Amino acid sequence: MQQQTDLELMAETLAGKTASYVLLVNRHKRFVFTMALKFVKNREDAEEVAQDCFVKAYKALGTFKQTSKFSTWLYTIAYTTAMSHLRKKRLPMDSIDEENSNVQLQNSISSYRADGVEFSSKYAYLNLAISQLLPDDAAIITLFYQGEQSLDEIADTLNMESNTVKVKLHRARIRLREKLQLLLKDEVKELL
């Protein structure tokens, strides 16, 4: 039996077969949760954002025009839901240009070492570095590398021009490299 496409499952859901929507949720829940976690920084809020995203998507299924992939449309909802959540909580965001951000980063690294926590994989370092990026940078990096979306799909998701996404992705990579250099010092050369 061949796996149904997202569009087929969506059509069945619109026809009243709610079990098909469960399949859609199961197919995309991991990435939506990961994306939300990159923004809100804690598991409980990320679960809430992911759940809100799927509820909003369910209510808006009839408005999906199929001009992009279902996943792009869904990730757009996830992104806007996460941003709305951040605005509601008014979480403080440090600019990477602030002088004290380096001190805060060094202090957090020291506390990791003081607690005896060691990361065993490059993936853990990479996720830590991504979590320290600004939300827009983290979104673009996450969508491009983990979501495997094209620049055009990311542009649709974030409501930007493709060229803007390309420039932002380039700048986000530079910022990510800087974060990794602070975290890993000499080991960053092996990662990159």
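**Helix α7 and its two partners**

In this predicted model, Ile-140, Leu-143 and Phe-144 of helix α7 meet Leu-151, Ile-154, Thr-157 and Leu-158 of helix α8, where contact means heavy atoms within 4.5 Å and helices are DSSP runs (H or I, at least four residues) numbered from the N terminus. Sorted by class, the residues of this contact are six nonpolar, one polar and no charged, with Ala, Val, Leu, Ile, Met, Phe, Trp, Tyr, Cys and Pro counted as nonpolar, Asp, Glu, Lys and Arg as charged, and the others, Gly among them, as polar.

Residues are numbered from 1 along each chain as its sequence is written. Because the model is predicted, local features need pLDDT of at least 70 and side-chain atom pairs count only at pLDDT 80 or more, while totals for chains, interfaces and linings use all residues, and side-chain values use heavy atoms, with hydrogens and water left out.

The axes of α7 (residues 135–146) and α8 (residues 151–158) come within 10 Å and cross at roughly 140°; such axes are lines fitted to C-alpha atoms, for helices over the stretch in contact, and the angles run from 0 to 180 degrees between N-to-C directions. The angle therefore makes α7 oblique to α8.

Helix α2 (residues 18–40) also approaches α7, their axes coming within 9 Å and crossing at roughly 155°, which means that α2 is roughly antiparallel to α7. Angles under 35 degrees count as roughly parallel, over 145 as roughly antiparallel, 65 to 115 as roughly perpendicular and the rest as oblique. Among the residues in this contact are Phe-31 and Lys-38 of α2 and Pro-135 and Leu-143 of α7.

Note on methods
Helices (H or I, at least four residues) and strands (E, at least two) are DSSP runs, numbered from the N terminus.
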